[in-house]
Amino acid sequence: MKKRLVPLFLLGCTFSLTAQNMTVETQFARPLSDVLKEISTRFNVTLKYDIDTVGKVLPYADFRIRPYSAEESLTNVLAYFDYKFVKQDEKTYKLKSYEYPRRTDEDGEKMLAYLHTLYKDQASWEARKAILRAEVRQKLGIDPILKQKVNTKPVLSKVRKFDGYTVQNIALETLPGLYVCGSIYTPAKKGKHPLIICPNGHFGDGRYRKDQQQRMATLARMGAVCVDYDLFGWGESALQVGGAAHRSSAAHIMQAVNGLSLLDYMLTRKDIDPTRIGANGGSGGGSQVVLLTALDDRFTAAAPVVSLASHFDGGCPCESGMPVTLAGGGTNNAELMAMFAPQPLLVVSDGKDWTASVPTLEYPYLQRIYGFYKATDKVSNVHLPKEGHDFGPNKRNAVYDFFAQAFNLDKKMEDESKVTIEPESALLSFGNKGELMPAHAIRSFNDVAAYFDKKLYSQLKSDAGLEKKAADWVATLQLENEKDAGFVRTLIYNHLRQVRDWHNEHPYSTVPEGINPSTGNKLSKLDREMIADSAMPKEVHEKLMNGLRRVLTEEQVEQILDKYTVGKVAFTLKGYQAIVPDLTAEEEATILGHLKEAREKAIDYKNMKQISAIFEIYKTKCEQYLNNNGRNWRQLFKDYVNKRNAEKAAQKK
């Protein structure tokens, strides 16, 4: 009984046990939650929490507060726990865990000011650019993958003819058995045409959406060949590697490989003018534009839309999974985009996302670099201060105008009403469920992992295992709506990965040794693991549970939670029913409630030892409840053990 109480004490305290060891008289320690409340009151600001403050104690707390600045106070207080704040308005701050790809506008300004000191003219900039180009490739890890590329003919659909343009689907094999799928929009007129590579962004319905088709087809009508293609793990790519694969470092590499591979193939066509090669994409597609132009000097015009910033590298691993912004001792997307000078460049920004700073921060920086070449007229910014994060009509019009000028396209053919919006099924190379995929095609993310280096391979193999686990669990629900099934698979995969990553990044050694006052014994390795893992931000749990309950019935949610905990609720309840044969309905309902609480809490822990420890806590609560309800749990358990021993002895006779 006493042993079971140990985890209960540890879980309730989280990091407070370690705080006891460091809260000495000279450290002036206070609970983090109290300090944040004081900052909120003192500076009359609202703090929104995406962090967990339970049990966290801050040493030298009062000395970290600056009476003249809420923001400096928050910085000093939050940095100790690797937390940060994001300013939402003059009186509101959101508290978040540290995000390595996202910084503040002020950080971007300071970084650009620092970068300005590294070069003063074209020669010094060219030297810096050479370093960046080499190190971006190395840190992305793309060259070992490109060496494994295959050179096979693409799978091409029949050409579909429309008003002033045609569409043809393409499936191009990149690595053995791995395909990138997209569509080629071509002008109806014969002749040599400019080519625009159009990586897709994180917009709903991917490259199949209406505004994507409008942009591709309109540019084709104006005279450019446009190629768009799926994000890694989206669209037809998801049929090969699964949707969860998109949120992996492999996506960062493979999307660049896909873009360059399509460029290689398209340049074999006789209707392409190799002197006019463009890149255009929005959001995550804009991030890809930056990377593609940094990797390959064949591009001659570029237009990243609602993406470019000096203080945000992209919130998805497909944009920042590999450490390319550590190139050259530290860089950012603004400097990487500046490597494109003096080629024509358009940056489209808006007032309601991270690109709001472009007119006053990134654009002047780009103008300075273009000035080294006396080419400031070649870089432009269309800023839409009242618009948000999309690829709406005004953004598309800016793109049309830019490429019309850069590539001498026919503006008279700019008419989106002439575009035929095709159903998604028409844009697929391999059918709705991949039924037309070649026999040797990869069908598992795990098969892709084998192409990467050992460290990344290990990571990808682990990711593949989690993806399969998520897929297997969701398959048992037999959901009829594939979109819902895909959402739940990704939700579970992301949660499993976050639990794994938190556990790996916060080993038991990060929790100082201490004494459990409940037993007087030293904290065990498991005790310290539990303390470390219990500090995982609560939004990880909430995002999973809120997502599951938004899509699934409560019964289906329970099925998933049972998968996490290997059916321990039913197994443990069966044990109570055996030990207490006359268990009443009320007692059974109460015990079941405790076990369900244990199940939901246990899903945020890494392994069965930890999950079992959580259940031990709630089993103790069940047994205390039975004692308080007039039962003698110790005697009931003793009688059950004696009965089982007698049965075993009888079987041996």
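**Sheet, rings and surface: a quick chat**

Mentor: Let's begin with an open sheet of three strands, order 2-5-4, with mixed pairing. Strands here are DSSP runs of E of at least two residues, and helices are runs of H or I of at least four, both numbered from the N terminus; two strands pair if DSSP finds at least two bridges between them. This is a predicted model, where local features need pLDDT of at least 70, side-chain atom pairs count only at pLDDT 80 or more, and totals for chains, interfaces and linings use all residues. Residues are numbered from 1 along each chain as its sequence is written, and side-chain values use heavy atoms, with hydrogens and water left out.

Trainee: Which are the edge strands of the sheet?

Mentor: In the order 2-5-4, look for strands that pair on one side only. Those edge strands are strand 2 (46-49) and strand 4 (83-89).

Trainee: Is Tyr165 buried or exposed?

Mentor: Buried means under 20% relative accessible area, exposed over 50%, and partly exposed in between (1.4 Å probe, protein chains only). Tyr165 has 1% relative accessibility, so Tyr165 counts as buried.

Trainee: How many residues apart in sequence are the parts that the pair of Tyr165 and Tyr185 ties together?

Mentor: Rings of Phe, Tyr and Trp (its six-membered ring) pair if their centres lie within 6.5 Å; planes under 30 degrees apart count as stacked, over 60 as edge-to-face, and the rest as tilted. Tyr165 and Tyr185 sit 6.5 Å centre to centre with 25° between the planes, a stacked pair. Tyr165 belongs to strand 8 (residues 165-173) and Tyr185 to strand 9 (residues 179-187), so the parts tied together are apart in sequence by 20 residues.

Trainee: How much accessible area does the nonpolar patch of Phe28, Tyr60 and Phe63 have together?

Mentor: Tyr60 lies in the loop between strand 3 (57-58) and helix 4 (70-79), and is partly exposed at a relative accessible area of 35%. Areas come from the Shrake-Rupley method with a 1.4 Å probe, and for residues only the protein chains shown count as cover. Together, Phe28, Tyr60 and Phe63 have about 330 Å².

Technical notes:
Patch = residues over 30% accessible without salt bridge, like charges linked within 9 Å, V, L, I, M, F, W, Y side chains within 5 Å. Salt bridge = Lys/Arg side-chain N within 4 Å of Asp/Glu carboxyl O.
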